[in-house]
Amino acid sequence: MHIGYKHPVPAIGAIILRGEEILLIKRGNEPDKGKWSVPGGSVEFGETLTEGVKREVREETGLEIQVGDLAGVCDLIVRGNEGITFHYVLIDYFATALPGEPVAATDAAECRWVKLADIGDYDVTRTLLDRLGERGMIE
């Protein structure tokens with residue numbers, strides 16, 4: 001957790017597509033604990049963005065990925081009663097999963113492939129909905 005941290009924290013996410021499906025994880029930690037999003041997390045000291053996104057996907061789902069194009073960058077600033085509790089700079093990449101089935105681990109309470117057309121049936125993070133909407137992937 002980065003509560004009380006005085007600088008934004010770089011974080012990466014992987015928008016992993018398989019045909020008309022996207023891989024979602026149910027967040028096991030704050031911010032947005034219990035909501036569905038894409039695998040990802042904080043960049044570790046000394047690793048590149050693409051190394052970080054590969055590591056986070058592996059840790060949360062057991063999958064290996066091929067990292068593709070940048071999907072977008074945005075701020076996630078969460079304010080609580082005592083001020084800002086989280087400030088992440090989210091850097092999302094498109095990715096393709098190598099063969100294998102995802103299994104939830106570490107920070108992911110659950111993971112599953114979801115049809116993009118059904119994403120409205122899930123309690124998905126606002127940042128993911130915005131990212132997919134910006135790209136015309138959902139309405």
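Me: Where is Asp32 found?
Reply: In this predicted model, Asp32 sits in the loop between E2 and E3. E2 covers 21-27, and E3 covers 36-37.

Me: What about the phi of Asp32?
Reply: Phi is positive, about 65°, although Asp32 is not a glycine. Most residues other than glycine have a negative phi.

Me: Which residues does Thr125 touch?
Reply: Leaving out residues up to four places away in sequence, Thr125 touches Arg27, Asp32, Lys35, Trp36 and Ser37. Thr125 itself is in the loop between E7 (108-115) and H2.

Me: Why does Thr125 count as buried?
Reply: Because its relative accessibility is 2%, and buried means under 20%.

Me: New topic. How much space lies in the largest pocket?
Reply: About 580 Å³. The lining has 31 residues, and those closest to the centre are Ala11, Arg27, Gly40, Gly41 and Ser42. Arg27 is also among the residues that Thr125 touches.

Me: Which elements each supply at least two residues of that lining?
Reply: Strands E1 (9-18), E2 (21-27), E4 (40-42) and E6 (83-97), plus helices H1 (49-61) and H2 (126-134).

Me: How do the lining residues divide by type?
Reply: Into 11 nonpolar, 10 polar and 10 charged.

Me: Now the whole chain. How many helices and strands?
Reply: The chain has 2 helices and 7 strands. From the N terminus, the order is β-β-β-β-α-β-β-β-α.

Me: What is the radius of gyration of the chain?
Reply: It is 14 Å, which agrees with the value near 14 Å for a compact globule of 139 residues. The C-alpha atoms fill a box of roughly 40 × 35 × 25 Å along the principal axes.

Me: What share of the residues count as buried?
Reply: 39% of the 139 residues. The accessible surface comes to about 7800 Å², and 49% of that belongs to carbon and sulfur atoms.

Notes
Residues are numbered from 1 along each chain as its sequence is written. This is a predicted model: local features need pLDDT of at least 70, side-chain atom pairs count only at pLDDT 80 or more; totals for chains, interfaces and linings use all residues. Side-chain values use heavy atoms; hydrogens and water are left out. On a 1 Å grid over the protein atoms alone, a cavity is a set of points where a 1.4 Å probe fits but cannot get out, and a pocket is an open set with protein on both sides within 12 Å along at least five of seven lines; lining residues have an atom within 4 Å of a point. Grid points are joined across faces, edges and corners, and a volume is the space filled by probe spheres set on the points. Helices (H or I, at least four residues) and strands (E, at least two) are DSSP runs, numbered from the N terminus. Ala, Val, Leu, Ile, Met, Phe, Trp, Tyr, Cys and Pro count as nonpolar, Asp, Glu, Lys and Arg as charged, and the others, Gly among them, as polar. Buried means under 20% relative accessible area, exposed over 50%, partly exposed in between (1.4 Å probe, protein chains only). Contact means heavy atoms within 4.5 Å. The radius of gyration is taken over C-alpha atoms; the globule rule is 2.2 Å times the number of residues to the power 0.38. Accessible areas come from the Shrake-Rupley method with a 1.4 Å probe; for residues, only the protein chains shown count as cover.
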